[in-house]
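Dear colleague, please find below my notes on the model you asked me to read. I have written them as numbered points, so that each can be checked against the structure in turn.

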Amino acid sequence: MSASNATSHASGRETTEGTVYTVTGGDWDEVVEQAAKSDDERIIVNMGPQHPSTHGVLRLILEIDGETVTEARCGIGYLHTGIEKNLEYRTWTQGTTFVTRMDYLTPFYNETAYCLAVEKLLGIENEIPDRATVIRVLLMELNRLSSHLVAIATGGMELGATTIMIYGFRDRELVLDIFELITGLRMNHAYIRPGGLAQDLPPGAVDQIREFVKKMQKNLTEYDKLATGNPIFKGRMQDVGYLDLAGCMALGATGPILRSTGLPHDLRKTDPYCGYETYDFDVPTADTCDSYGRFLIRLEEMRQSLRIVEQCLDRLEPGPVMVGDKKIAWPAQLALGPDGLGNSLDHIKKIMGTSMEALIHHFKLVTEGFRVPPGQAYAAVESPKGELGVHVVSDGGTRPYRVHFRDPSFTNLQAMAAMCEGGQVADVIVAVASIDPVMGGVDR
Amino acid sequence: MSESNNNGASNNGASNNGASNNNGASNNNGNKAAGGDNGVNPEKDLGSQNLPGQRGDHGEEIRVQRGMFGANNGGDTSGYGGLVRSVRLPGASSRPYGGWFDEVADELEGALEEQDLLPASAIEKTVVDRDELTFHIAREHLVRVARTLRDDPALRFELCTGVSGVHYPEDKGRELHAVYHLRSLTHGRVIRLEVSAPDDDRHVPSLVPVYPTNDWHERETYDFFGLVFDGHPALTRIMMPDDWQGFPQRKDYPLGGIPVEYKGAQIPAPDQRRSYS
């Protein structure tokens, strides 16, 4: 195809619904012709957005010369759902229902980070009941386990190690069972709310978590036996996806990627929130800057998470799980009825039978929401992937004025080019797996 | 003043709302007839303690809100149509800022002076709110300030956690804000930089030369707000399709949606619903 009609690949025409562009693959002829002419093996390959070894709908655009990647770029946005825009049209409490869906493998981190930011705006950080904070930590650490298990399982699967995939998803299922028992849902919980939690732990939860910790301590050794030190595993992962400290700093990479360079940066230690300074745990690091180091860090972090979970269970004291301020606390006392979880019958009896004011208050708080004083706040938590930061702005209304999530997957994925260029095509998959990007969080 | 009491009650008590509706309507009408003034002047009266949020003349006004429930097409029959209030964000703080904030501010001002840059011309204002330190930076000096914050050993903010855009359509001349959070791993501190650009000149210098991590973040902010980051290596859309028209996170860009029927009632689209902000 000649250069003169190059614009015909994306011709526009006017319709009643606006300009419609028809993008065609017209310039392929040119590409094919040039590729045929050139005597080297330089070609451009699109990997994804629907490829079994990309994480979700990630599109990798690779320029390869033989088996060597000379240039690598990411195409993202396929899973953009406009969550940040949607948040501006819901109340502050409804926001948790949205943010939990961002990085769907770390829902409790999204919820906690968002709630910490809203609580900072409300100025009630010090009024959150201890029990609520301990349960938040407990759920976050269980969530770290489930997220790292998926990272290791899918990472293994992409190497062809299906056994480790089966193991990972088997153990993750145990965590999701606990989540289901506590929140009613395996994912997308909306359980952590501004001011505390939606409800208290159900009976039997503590026992089930204790059993899980015992079982998991045993299961974790299986990963060691199967993968740690395994020559094939090491052969595929060592020195692959290399990114040193300077690269991490420049590209803003955090989490296991940063810790694999030997810097023990963990917000739970350096900028503690939710009382992490009172828990006893270690921050594992590696000094190899590669995928194998990140794998070892994730394994060790799971052990440390189990330690924190045990400490949480020992600390659980009976008490409220929501702030005392009735202007913020959701009025519903939830209870399990014959038709599922809902407002407790006592509460309904009170608002419908005896207290008109309580009924009005309930109605106003649920439909209108509470007001948040104007200003902005930034809260960050150490998610399994790195620093998850939330910037919230309020204009004094009942809805967020602006919520922005600094998702670690989004930032870390930028490092893909630095890790992959100059390496082999097969190593791209290992490197991307070691970043552990989740497209729900990347695209939001 | 009867007007102020009425306003207080309407915002304050859930239980008073229904009852004070009629009162509010008649008072507002009376006010209109008497003074020709459309509602209560927030500058004059909002010192009252029973109003929610931070009102009054402190802080910086970003918007004047009229009426209630988000009704702006003349269909507001609630009686609050004449309500006028100003929306204010926390304003500039004065020394001492407290804690390590003074140290960072001193070091930054000193380092800028060393580069023959008058701190007052680079730092438009300093806001301390909710234990967070914010420097509002004149956009032409943003890169220099960021480089100083990164390189000065006493400051050393190595990690930029990206940029977040905010759109204040009624803050004339400062409609678009770019907000950066910088983290110092060396000193364990977080500060915020904020720059603004008018809507008819949406340009902010790119921080990619200082913090390469901002590459995608600036593309995202451009994609959603239309802020052009001058000097960015490849400022293209990142989330939305390349041929998308408009910038979705701006406040004048509609959310969209269709009304949905639920149990016989029409539920309007989320951006058409009653709003209390």
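Predicted model: local features only at pLDDT ≥ 70, side-chain atom pairs only at ≥ 80, totals over all residues.

1. Residues are numbered from 1 along each chain as its sequence is written, chains are lettered from A and ligands numbered from 1 in the order in which they are written, and side-chain values use heavy atoms, with hydrogens and water left out.

2. On the sheet in chain A: an open sheet is formed by three strands in the order β3-β4-β5 (chain A), with antiparallel pairing. Here helices (H or I, at least four residues) and strands (E, at least two) are DSSP runs, numbered from the N terminus, and two strands pair if DSSP finds at least two bridges between them. At the edges are β3 (42-47) and β5 (68-75) of chain A, each of which pairs on one side only, and the twist from one strand to the next averages 20°. Strand β4 (residues 59-65) of chain A is joined to β5(A) by seven bridges, and A:Asp65 stands opposite A:Thr68 in β5(A).

3. On a helix in chain B: which residues of helix α6 (residues 142-151) of chain B are buried? They are B:Leu142, B:Val145, B:Ala146, B:Thr148 and B:Leu149, where buried means under 20% relative accessible area, exposed over 50%, and partly exposed in between (1.4 Å probe, protein chains only). These residues cover an arc of only 160° around the axis, which puts them on the same side of α6(B); the arc is that of the directions from the helix axis to the C-beta atoms. An α-helix has 3.6 residues a turn, so residues three or four places apart point the same way. Among the elements that cover the buried residues of α6(B) are α4 (101-114), β4 (132-137) and β6 (176-184) of chain B.

4. Six bridges join β3(B) to β4(B), and the two strands run antiparallel, with B:Val127 opposite B:Thr134 in β4(B). The hairpin has two residues between the strands, and in it B:Arg130 takes a positive phi near 55°.

5. On other backbone angles to check: most residues other than glycine have a negative phi, and most peptide bonds are trans. A:Asn188, although not a glycine, has a positive phi of about 55°; it is partly exposed, with a relative accessible area of 23%. The phi of A:Cys289 is also positive, near 60°, but A:Cys289 is buried, with a relative accessible area of 7%. The peptide bond from B:Arg95 to B:Pro96 is cis, with omega near -5°, and B:Pro96 is found in the loop between β2 (84-89) and α4 of chain B.

6. On the aromatic rings: eleven aromatic pairs are found over all chains, where rings of Phe, Tyr and Trp (its six-membered ring) pair if their centres lie within 6.5 Å, and planes under 30 degrees apart count as stacked, over 60 as edge-to-face and the rest as tilted. One of these pairs is A:Phe108 with A:Phe179, which is edge-to-face at 4.8 Å centre to centre, with 75° between the planes. A:Phe108 lies in helix α4 (residues 107-122) of chain A and A:Phe179 in helix α6 of chain A, so the pair ties together parts that are 71 residues apart in sequence.

7. On charges over rings: the charged end of A:Arg268 sits over the ring of A:Tyr276, 5.8 Å from its centre, and B:Lys251 lies over the face of A:Tyr401, at 4.0 Å from the ring centre. A charge sits over a ring if NZ of Lys or CZ of Arg is within 6 Å of the ring centre and within 35 degrees of the ring normal.

Technical notes: Axes fitted to C-alpha atoms, helices over the stretch in contact; angles between N-to-C directions. Contact = heavy atoms within 4.5 Å.
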